[in-house]
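Biologist: Could you take a close look at one part of this model with me? I'd like to go through the helix packing.

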Amino acid sequence: MLEKTLRFNYLFDFYHNLLTEKQKKYMELYYLEDLSLSEISEVFSVSRQAVYDNIKRTESMLESYEEKLKLYEKFQKRSKIIEELEENATDEIKHLLVKLKELD
């Protein structure tokens, strides 16, 4: 479950601008603030099932965006390469790698 949460936090971070305000709010409450479906349903005065359906639909959309755009996959690959470089880099290069990481 932790891996799933981490993945959707990243996907949300990369693709949140492609979501509606309602989708953003549901995902923020569920994944970032760790509210339950019932708690979210109370906030929006809708059924628990409506919240569940919205979140599942939004998760599917995020996965679809990732399948097409691969922003998270590229981020992971870049991070791994930077880690490998850091292990073998001089101080000057390490400083540049820190600046590169800050761009993400």
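At what angle do helix α2 and helix α3 pack, and how far apart are their axes?

Modeller: Happy to! This is a predicted model, where local features need pLDDT of at least 70, side-chain atom pairs count only at pLDDT 80 or more, and totals for chains, interfaces and linings use all residues. Residues are numbered from 1 along each chain as its sequence is written, and side-chain values use heavy atoms, with hydrogens and water left out.

Helix α2 (residues 21-32) packs on helix α3 (residues 37-44) at about 140 degrees, and their axes lie 10 Å apart. Helices here are DSSP runs (H or I, at least four residues), numbered from the N terminus. Axes are lines fitted to C-alpha atoms over the stretch in contact, and angles run from 0 to 180 degrees between N-to-C directions. The angle therefore makes α2 oblique to α3 (under 35 degrees is roughly parallel, over 145 roughly antiparallel, 65 to 115 roughly perpendicular, the rest oblique). On the α2 side, Lys 25, Tyr 26, Leu 29 and Tyr 30 make the contact, and on the α3 side Leu 37, Ile 40 and Phe 44; contact means heavy atoms within 4.5 Å.

Tyr 26 also touches Asn 54, a residue of helix α4 (residues 48-69). Leaving aside neighbours within four places in sequence, Asn 54 is in contact with Lys 22 and Gln 23 too. Asn 54 is buried, with a relative accessible area of 6% (buried is under 20%, exposed over 50%, partly exposed in between, with a 1.4 Å probe and protein chains only).

Definitions and conventions. Helix = DSSP H or I, 4+ residues; strand = E, 2+ residues; numbered from the N terminus.
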